[in-house]
Amino acid sequence: MNYLSAENLSKTYGDKALFEGLSFGLHKGEKTALIANNGTGKSTLLRILAGKETPDTGQVTLRDGIKTAFLEQDPYFELGFTIDELIASSHGSVSKVIRDYNDAIQAESKLHNTETQKNLEKAIAGMDHMQAWDYERRLKQLLNLFSITDTSAQIDVLSGGEKKRLALALVLLDEPELLILDEPTNHLDVDMIEWLEAYLSRANLTLLMVTHDRYFLDRVCNHILEMSHGQLYYHNGNYEYFLQKKAERDEITQVETDKARQLMKKELEWLRRQPKARTHKSKSRIQAFDGIKEKATSLKKEQELDLQLNVTRIGGKILEIEHLKKSYGNTKIVEDFSYIFKKGERIGIIGKNGSGKTSFLNLITGNEKPDSGRIETGQTVVFGYYRQTGIKLADDKKVIDVVKEIAEVVQMGDGNTISASRFLELFMFPPEVQYKQVGLLSGGEKRRLNLLTVLIKNPNFLILDEPTNDLDLLVLNRLEEFLLNYSGCLILVSHDRYFLNKLTDHLFIFEGTGRVRDYYGSYAKYNFEKEQEKRLDEKQNKQQLPVTKKPARPKVKTKLSFNEQREYESLEKEIEQLEKEKAEAETLMNSGIEDYEELNKLSSRIGELMELIDTKTLRWIELDEFSNT
């Protein structure tokens with residue numbers, strides 16, 4: 001069943017054509033990810049599909065009667081409202097249906113006549129139609145889940161992250177059949193992301209989304225829609241399958257282009273012969289040359305991020321933190337934390353939203369003052385601090401001017417110097433973009449410009465606060481490669497589990513109320529141990545539940561039956577085999593595997609084995625009481 005059809009969509013801004021003649025459809029139950037480079041029109045395409053923007057050509061058709069919802073990359077709310085007032089206005093029809101139902105109930109209980117009965121039946125039908133029976137419960141659940149606690153707060157004072165989470169809660173509250181989401185995991189902590197993964201994986205939900213989170217994409221989406229050079233390519237599979245097919249397509253295109261270039265070279269030699277030979281040229285051959293030339297020059301090389309740093313030497317003393325304390329009113333951010341950083345450390349910071357991660361970064365970089373404690377930075381340390389909030393730049397400032405204000409020339413990793421313009425090209429800002437105003441850049445382009453202003457100073461201590469937000473997957477892969485080879489110290493705050501697990505081997509876990517846990521190990525290892533603890537807690541809670549004791553009965557059974565005796569003997573072997581498999585799995589788990597998916601599989605299997613061992617052991621104990629062996 002087709003839910004959405006897009007036919008011949010085109011969109012141009014100024015003299016730049018984002019895309020032309022795009023046609024595709026979304027069918028019921030499909031979960032599709034849209035993949036493209038920053039600045040190629042992903043968000044614009046989603047806005048057109050959601051009816052928020054008009055295409056230059058083409059049309060979008062939605063199936064009649066389906067409920068749709070759209071989450072923008074940067075949601076906008078009218079100012080001057082509280083969250084409560086916003087909810088009431090955006091869901092006024094549901095609120096009215098609930099009020100009508102409550103009024104009808106009261107009227108029926110007082111008068112109980114034909115008219116009140118009809119009004120009640122009408123109100124019940126309205127509740128059914130709007131799916132309003134558990135509206136208030138769902139609203140409370142979603143607001144709590146996304147950490148929206150004070151609904152009397154003004155929209156004006158909300159941060160960008162709070163607005164994004166509020167927008168996502170309101171989108172999901174409608175329980176739409178078709179969801180269009182632009183970077184839904186931005187500003188969510190890991191617990192929120194895992195909940196959203198489970199919600200979006202429901203079979204009856206149809207989805208189109210843009211996301212940079214590869215774990216999230218792989219677990220939720222079963223289709224990939226790739227937009228490259230204004231063309232669409234459809235892949236029936238997950239992200240790994242898409243990468244394989246894209247590589248195959250690129251290889252075929254390269255071979256065909258190389259052949260066309262060889263033929264063009266041959267034809268050029270023929271065309272350049274002496275004038276006497278030209279008199280015998282075939283007109284058709286001359287005309288065919290234009291087609292060969294077009295094919296030979298048609299291959300457009302993908303722009304790639306080229307990161308190079310001339311990392312300055314770092315001394316023996318790097319960063320020392322002793323008995324650090326910081327609070328805002330009654331909210332404790334850090335309570336008595338001490339740590340001495342060593343050369344080449346790669347530390348990931350995780351914790352729920354609001355637990356103090358960004359405040360901690362501001363403390364160690366000197367942007368905020370601690371209440372007490374000592375922070376000492378070595379003389380050779382050069383911080384590079386990439387802030388989640390980005391850089392504050394005037395919208396009318398040109399991109400090239402942003403860089404020139406920092407440096408006219410830039411020293412590279414090989415010791416050579418290059419101009420500011422050339423440095424911008426390495427960050428995928430071609431000359432035509434360098435003279436654009438900052439306000440005209442896409443969200444991902446602004447993030448890249450932010451990263452550029454940090455790396456241009458050649459820092460030897462990098463601090464990255466949510467660097468993956470709004471970056472496309474191509475840029476993200478290149479950033480990973482760079483950071484894997486980066487020789488300085490690294491602190492990384494990220495909700496992107498794949499990114500975090502790949503780049504760090506040591507965690508600071510912000511547990512709330514000022515507690516910071518110092519954990520030596522990868523994110524995958526930490527997550528495995530957390531899941532094990534969760535299973536153990538659930539098991540202990542089950543054991544602690546009160547059990548209703550039945551009256552004792554006299555034992556009639558004195559020995560095992562033949563079948564029970566065979567079961568008893570086989571149980572010993574089965575338990576021994578399960579214990580062996582469990583030990584092997586645990587050994588493999590602790591062997592240093594960092595593949596997140598493999599660790600999850602092992603974790604699930606160990607949990608299953610523990611349940612089986614417990615069940616079979618209890619049965620063995622029961623039979624052993626009457627065993628004659």
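This is a predicted model: local features need pLDDT of at least 70, side-chain atom pairs count only at pLDDT 80 or more; totals for chains, interfaces and linings use all residues.
**Note on the aromatic groups and the open sheet**

1. One aromatic cluster is formed by Phe-337, Tyr-339, Phe-341, Phe-360, Phe-383, Phe-461, Phe-508 and Phe-510.

2. Two arginines lie over aromatic rings: the charged end of Arg-219 sits over the ring of Tyr-215, 5.2 Å from its centre, while Arg-448 lies over the face of Phe-429, at 5.0 Å from the ring centre.

3. An open sheet of six strands runs in the order β14-β17-β18-β12-β19-β20, with mixed pairing. Its edge strands, each of which pairs on one side only, are β14 (383-386) and β20 (515-520). On average, and ignoring direction, neighbouring strands of this sheet are turned by 15 degrees against each other.

4. Within that sheet, strand β17 (residues 461-465) and strand β18 (residues 489-493) run parallel and are joined by five bridges; Asp-465 has Val-493 in β18 as its bridge partner.

5. Helix α16 (residues 443-455) packs on the sheet, where it touches β14 and β17, and its direction makes about 170 degrees with that of β14. Helix α17 (residues 473-484), for its part, lies across β12 (346-351), β17 and β18, and runs at about 150 degrees to β17.

Definitions and conventions:
Residues are numbered from 1 along each chain as its sequence is written. Side-chain values use heavy atoms; hydrogens and water are left out. Two strands pair if DSSP finds at least two bridges between them. Helices (H or I, at least four residues) and strands (E, at least two) are DSSP runs, numbered from the N terminus. Axes are lines fitted to C-alpha atoms, for helices over the stretch in contact, and angles run from 0 to 180 degrees between N-to-C directions. Contact means heavy atoms within 4.5 Å. Rings of Phe, Tyr and Trp (its six-membered ring) pair if their centres lie within 6.5 Å; planes under 30 degrees apart count as stacked, over 60 as edge-to-face and the rest as tilted. A charge sits over a ring if NZ of Lys or CZ of Arg is within 6 Å of the ring centre and within 35 degrees of the ring normal.
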